[in-house]
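Colleague: Please take me through this model. I want to know what each label rests on.

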Amino acid sequence: MSDHGGLHPAQPFPAAAREQVVKAQLRANLRKVTTTIRAKRANVVEELPHWEQLRTLGAATKDASLVNLSDRLLQLEQSVRARGGQVHWARDAKEARDLVARIAEGHGVDELIKVKSITSDEIELNRALEERGIHAVETDLAELIVQLSNDRPSHILVPAIHRNRAEIQALFNAKLPGEGALSDNPAELAGAARRYLRHKFLTTKMAVSGVNFAVAETGTVCVVESEGNGRMCVTLPEVLVSIMGIEKVLEKVEDISVFMELLPRSSTAERMNPYNSFWTGVTPGDGPQEFHLILLDNGRTNVLADEFGRQTLRCIRCSACLNVCPVYERAGGHAYGSVYPGPIGAILTPQLLGMHDKNANTLPGASSLCGACYDVCPVKINIPQVLIYLRTEANLQKGLTAEALAMKGLKFVMSEGWRFEGALKLARVGQGPLVHGDAITSLPGPLAGWTQVRDLKPFPKEGFREWWKGRSQGTGPADVNAAPPETVQKAEDGPNSPQKDEGSKFTADPSREETL
């Protein structure tokens, strides 16, 4: 497969974001949907007085499984096989793709249906199957829109969040068999998709799903969704293949109950998911008569080995962090270059690929560190702290850069008072050509970015250190009546008016944006 796609960003985040933020329609779509979901989520969360206790319990439950992950997975394997299912282990994406393809080829399948599965997108399953003559049909409405338009998902929960009704109308009229005169009425568009998919549900022999949770004790596998397409996929075909990231396993059936409250409220802002499907192995005469569970690593054991970063594996893919993130709302999911966008993608993708990936290791910088993602995370992943931790790892990967040298120089200068004083005196002299009036309006070279949207105050003629020394000279003890320097006197009058419109949402350069 290509190096770009699935998990692999094609370019660094800053470059990708600059291309996306200038798309007015994209920004309008994102703003409308994320604002709506945020408000609805807040309402249903407020209904539960024990919400914070639920978050704590969810985090503890996931951590307990991660600590004993190897035992849980072996127990799950044993339970699934005891109930007639088959279990396969996949070290990476290629092994997982080959397993699905071999199962399909073994049954003479040239078309299969799919439940919405980010894990299958992670391993680029559809593309791999097409190369072997097997067509995968997405049955989730948003995933179908993405597939028909040869696009990429841009949101964990709503993959086609970047599309509006007019775009979907044109797409369905062009791509769905028997259509061509659809209006942009949502019910009419959904009806067209239903007609197309119902035929697939009733005639397709094999289905592929993801896994929200699996229970080691019983071998039970769970998929939660809102449209009913998942229920069709996991009950009607003869063969069912479920691809599960190894971090999705829980110990007991009782463990699922807490997530049945946390997940729907955090993702779709519902009290419960409309469709919650659970199945255990194979039951003669009921549902698929052949069940395969693929346990996917694909970098997860490396994340687990990191004592600080492993909390990322708690993620239950609710997408709440995306909906509150100011960076995601402006740049959109495609800027992240991975099937995992937003704050969770900024910490999961580089860990799965390794911090040596030169594009993925820019993702931890895709954050204002406002902390909103941590506040809404239903399993208390401290995303801001992990972002800072990964930024440090990324800097270590870069080695000795100009920025690193500059920081080392600042450390040296500021480690001794006399050095710092000398540097300030030199700075006052060196800033001369840059000062215009009472502001530095333009910095040279790589520092120019700072002054594109703000002015800087120049170094004062007399700094605090000089003033402090002067006020105590010639008068014995410190002269409490000594006048402070001009800059301190000005502070009493309140802040100066900004030279540039710091509160403006948009700037002359559309690739840069200030958020207060």
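This is a predicted model: local features need pLDDT of at least 70, side-chain atom pairs count only at pLDDT 80 or more; totals for chains, interfaces and linings use all residues.

Colleague: How many helices and strands does the protein have?

Modeller: The secondary structure comes to 22 helices and twelve strands. Both are DSSP runs, numbered from the N terminus: helices are H or I with at least four residues, strands are E with at least two. The C-alpha atoms fill a box of roughly 100 × 55 × 45 Å, taken along the principal axes.

Colleague: What share of the protein is buried, and what makes a residue buried?

Modeller: Buried residues make up 48% of the 516 residues. Buried means under 20% relative accessible area, exposed means over 50%, and partly exposed is in between (1.4 Å probe, protein chains only).

Colleague: What makes a nonpolar core, and which residues have the most contacts inside the largest one?

Modeller: A core is a set of buried Ala, Val, Leu, Ile, Met, Phe, Trp, Tyr and Cys residues joined through side-chain atoms within 4.5 Å. The largest has 106 residues, and Phe13, Leu76, Phe172, Phe213, Met244 and Leu293 have the most contacts inside it. Apart from it lies another core, of 22 residues, including Met206 and Val208.

Colleague: What does Phe13 touch?

Modeller: Contact means heavy atoms within 4.5 Å. Leaving aside neighbours within four places in sequence, Phe13 is in contact with Val327, Ala331, Ala335, Tyr336, Thr362, Leu363 and Ala366.

Colleague: Why are α8 and α9 called roughly perpendicular?

Modeller: Two packed helices are described by the angle between their axes and the distance between the axes. Axes are lines fitted to C-alpha atoms, for helices over the stretch in contact, and angles run from 0 to 180 degrees between N-to-C directions. The axes of α8 (residues 141–148) and α9 (residues 165–175) come within 10 Å and cross at roughly 70°. Angles under 35 degrees count as roughly parallel, over 145 as roughly antiparallel, 65 to 115 as roughly perpendicular and the rest as oblique. The α8 and α9 pair is therefore roughly perpendicular.

Colleague: Which residues make that contact, and of what kind are they?

Modeller: Leu141, Ile145 and Leu148 of α8 meet Ile168, Leu171, Phe172 and Lys175 of α9. They divide into six nonpolar, no polar and one charged. Ala, Val, Leu, Ile, Met, Phe, Trp, Tyr, Cys and Pro count as nonpolar, Asp, Glu, Lys and Arg as charged, and the others, Gly among them, as polar.

Colleague: Why are α16 and α18 called oblique?

Modeller: Helix α16 (residues 342–353) and α18 pack at about 40°, with their axes 10 Å apart. That angle falls among "the rest", so α16 and α18 are oblique to each other. Their crossing is left-handed: the near helix is turned anticlockwise from the far one by less than a right angle, whereas clockwise would be right-handed. The residues of this contact divide into nine nonpolar, one polar and no charged.

Colleague: How do you know that Asn298 is buried?

Modeller: Asn298 has 15% relative accessibility, so it counts as buried. Asn298 lies in the loop between β10 (290–296) and α13 (300–305). Its phi is positive, about 55°, although Asn298 is not a glycine.

Colleague: Where does Lys380 lie, and why is it called partly exposed?

Modeller: Lys380 lies in the loop between α17 (372–376) and α18 (383–398). Its relative accessible area is 22%, so Lys380 is partly exposed. Phi of Lys380 is near 55°, a positive value in a residue other than glycine.

Colleague: What makes Lys40 partly exposed, and what does it touch?

Modeller: Lys40 is at 43% relative accessibility, so it counts as partly exposed. Lys40 lies in helix α2 (residues 24–46). Not counting residues up to four places away in sequence, Lys40 touches Thr268 and Ala269.

Colleague: And why is Phe420 called partly exposed?

Modeller: Phe420 has a relative accessible area of 26%, so the label is partly exposed. Phe420 is found in helix α20 (residues 417–430). Leaving aside neighbours within four places in sequence, Phe420 is in contact with Val413, Met414 and Arg465.

Terms used: Residues are numbered from 1 along each chain as its sequence is written. Side-chain values use heavy atoms; hydrogens and water are left out.
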